[in-house]
Amino acid sequence: MKMFLKLAMALALVFSFAHAEAAEMLNGAGASFPYPVYSSWAYDYNKVTGVQLNYQSIGSGGGIKQISARTVAFGASDAPLTPEQLEKNRLLQFPAVMGGVVPVVTIPGVKAGGLKLDSNAVCSIYLGELKYWDDNRIKSLNPKVNLPHSEINVVHRSDGSGTTAIFTNYLSGVCPAWKNKVGAGTSVKWPVGIGGKGNEGVANYTKRTPNSIGYVEFAYAEQNKLAYTLLKNPAGNFVEPNFKTFEDAAATANFDPKKHFDLWLVNAPGKHAWPIAGATFILLAKEKTDSNKKVVKFFDWAFNNGDKKAKELVYVPLPKTLKDKIRAYWKANGI
Amino acid sequence: MPRTAKKNPVDNIFSLVTAAASFSIILLIIGILYVLVSESSLAIGKFGIWKFLSSTDWDPVKESFGALTNVYGTAFTTLLSLVIAIPVAIGIAIFVTEISPNFLKGPIGAAIELLAAIPSIIYGMWGLFTLSPIMSNHIEPFLKKIFGAVPLVGILFQGTPMGIDILTASVILSIMIIPFTASISRDSFNLTPSVVKESAYAIGATRWEVIKNVVIPYSKLGVFGGIVLSLGRALGETMAVAFVLGNNHRITTSLFDAAATITVTLANEFAEADTDIYLSSLFYLALVLFVMSFITLAIAKFFLLRAEKKYSR
Amino acid sequence: MTREQIRKTEGFIALALSTLAAFMGLFWLVFILGDVLVHGIKALKLSLFLNDPAPPGVEGGGLRNAFVGQLLITVCATLIGVPVGVLGGTFLAEYARGRGIARIISILSDIMVSVPSIVIGTFIYAVLVRPIGHFNGWAGAVALSIIMIPVVLRTTEDMLSLVPWTLREAAFALGAPYYKVITQVVYRGAATGILTGILLSIARVAGETAPLLFTSFNNSFFSLDMKQPVASLTVTIFQYAMGPYDNWHAQAWAAAFVITVFILLLTITGRLIIRWRYK
């Protein structure tokens, strides 16, 4: 018994100090929006450099909190922080990639791209005023679709989410009732619906609940074969979520390094622009220059080598001019 | 402790070491209370005690937090799970002690206790993948059809059955807490002196009448202790409920609605609370839960001790 | 109907319902275990144990890091929790036997056995994660050990109390100091009981998820470094089951199967030892 105890203690001691793999580890946490592309990049980066970039998808709210508490090397958030907020927590911020948030539905007989919605409909559904799928407000947009007389099951996020921030910013922009009653933010007081954890949770609940509607980052809709809807954009056209419409939305964006790239892309003016697009941001602790250098090295590699993977997953890589602006921002901030 | 003539130094050291180890329990309880209180002091300062407990707000944007929706959800799910679990558990105890043939008593008792050994995350996963579709496709529509239109009771059965709701969560909880009441009740039933039972049989009581009028009243204390213990465990369950509760901060009257409990709110939002007041409010919730379960478990222990004293006379 | 018939029918119905209740309890057990068995075996592949996780959309990922991480955290928790628990139980059963303080600690310990594990997670976050600056495996191990200590303490106390006092008197009569009596006589006598308590406590914490959620966090890579976040099977099951990807779900079932088998084996072994030794 004593021998066993001594042996076990020795083993534990060895394990706790063993850097047997001697792999360098960087911990990041935050938005579930870019989780598919970040984890893909990290997987490839690990093959090339051996560095383990451990990214945990816990929601933008979590990312902001963890980096503010300095419990991770970088945080990720779809909701950009204002320069004041960044100052308060002594953080730096830059965008990494762009994508779109899409409404997804699970209605028997409705395929991907088979349902048209406008901002009025989406707003009323999420406010709880529009309760049935065959309501006139939806029927009038989709005369040829066989809509059931079933109650709409609304799915939203239960955690602090940048995807929610983008979505509610969109709703606040097009729907005064929403702006007054609920507002925009990473975590809001939802009038109706069930809450899923992360983009993953919303996708999961929407998939397994009949007659439901949810909102997810497009990669999640694609990877889980969820039926996304078409949306009417501010220019008056019904657009499909795809690489072109996301790119269109990003085309008019003017990111300003002096404002730490704080910018929302919702309700972009382009003719074929997807109305709920957004960039996703990386947050760094100002004073941790050493660890920041390592994080930035990863993103620099991703900017140079990760575009193809990002496009495969239907994210919009940043245009070259923006990437250069970001590299200049890094230099200007001593990284 | 024997008073030896010589004071052995190693003995002193050993007794101190073991004493310290056992005092760790006291230190832990004090430590947990202290940390929880100091972490929630921000929220306590802003919301006070009564206002926090009675407010239904849970608004991270407007930074206004209240415990009522969470406490309500915790209370609703635990009480409902007890309502489902207690009759089943006592039924099991009756079966094992009075009805089952001797050779089956051991295996069935062991099987029920195995239910308690299954980790709660397995319950949660099973609930999400297997139970929830069954509930939403078969059981809940059936219940709605029967009870939905009945006045008064019908309020419990409104809304669309999604399977991710209070009812499913409570069913899973009830399965988890059955073993606690069942084994303690079984032990208490077994401690009824045969003399008393035999006297009842002697005056012509049927088997059920002996159980109802002799065994159960005699074991009241033990059974009650078991029930309160199950309540205490149900209060603190997180993973079994997190998958199927739906996470909606609302006071709701329908079993088919999503809700929030303190444990699930903590699990979902703790790692992400981005403002100080948000995190402090979550610690405040944890404090409320700790106090609630501590008191419940203390009450359970009280009854079990009284039962022990009574039965060993 | 005569009074007698009414009484008999009432009795019959009541007893039938009780039998039904027992079978319902067994039904749930068989249903849940069966489900885990069926889904888990279907997804059990060698790659699950040999590979590390792949990003969503890429095939062939495994859970090697989670298995190793879970083992690591559980072993460390055991190494912390068991000595404290055994020594604490020794104090209550030996040096403090019959004294009021023993009663109090014993009762408090029983209460702590059932305290919500997520509250312990928040406590450790404030004490061992925030001050250090990042999630780490040790925080997870300590959280689990806090859950273990009351369990081990109580079983040790009970098992030591079962050793007859006369055995100790014989040792005293030979002139042994108390600590020698405990370590060389009493522990030997209660060894199987204490071991069973340890096995049961390991079974209890091996399946815990809530305390690990914000202490050891999670890790997508293989790592033995306890000073950083460590992957655990339970948190990974949570993450994978709540996600939308089908191959994640399959892996979650397989992992659930492995954990359940492990814990059930430990529990059954523990109970069998008690029956064989003490009945």
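A polar contact is a pair of N or O atoms within 3.5 Å; within protein, one of the two must be able to donate a hydrogen and the other to accept it. In this predicted model, three residue pairs in polar contact, both residues at pLDDT 80 or more, are counted between domain 1 of chain B and domain 2 of chain B. On the side of domain 1 that touches domain 2 of chain B, the residues comprise five nonpolar, one polar and one charged. No salt bridges are found across this interface, the count being zero.

Domain 1 of chain B spans residues 3-39, and domain 2 of chain B spans 41-312. Seven residues of domain 1 and nine residues of domain 2 of chain B take part in the contact. The C-alpha centres of these two domains of chain B are 34 Å apart. Together the two domains of chain B bury about 740 Å², with 77% of that area on carbon and sulfur atoms. Within domain 1 of chain B, the most area is lost to domain 2 by B:Leu36, B:Val37 and B:Glu39, which together account for 64% of what that side buries.

B:Glu39 also forms a salt bridge with C:Arg130, where the closest N and O atoms are 2.6 Å apart. Five salt bridges are counted between chain C and chain B, along with 13 residue pairs in polar contact, both at pLDDT 80 or more. On the side of chain C that touches chain B, helix α1 (residues 3-43) of chain C gives the most, with 19 residues. That side of chain C divides into 57 nonpolar, 16 polar and eight charged residues. The contact involves 81 residues from chain C and 80 residues from chain B. About 7300 Å² is buried between chain C and chain B, 81% of it on carbon and sulfur atoms.

Notes: Residues numbered from 1 in each chain as written. Chains lettered and ligands numbered in written order. Predicted model: local features only at pLDDT ≥ 70, side-chain atom pairs only at ≥ 80, totals over all residues. Heavy atoms only, no water. Domains from an automatic or database assignment. Contact = heavy atoms within 4.5 Å. Buried area = accessible area lost by both parts, 1.4 Å probe. Salt bridge = Lys/Arg side-chain N within 4 Å of Asp/Glu carboxyl O. Polar contact = N/O pair within 3.5 Å; in protein donor to acceptor, adjacent residues only side chain to side chain. Nonpolar A, V, L, I, M, F, W, Y, C, P; charged D, E, K, R; others polar. Helix = DSSP H or I, 4+ residues; strand = E, 2+ residues; numbered from the N terminus.
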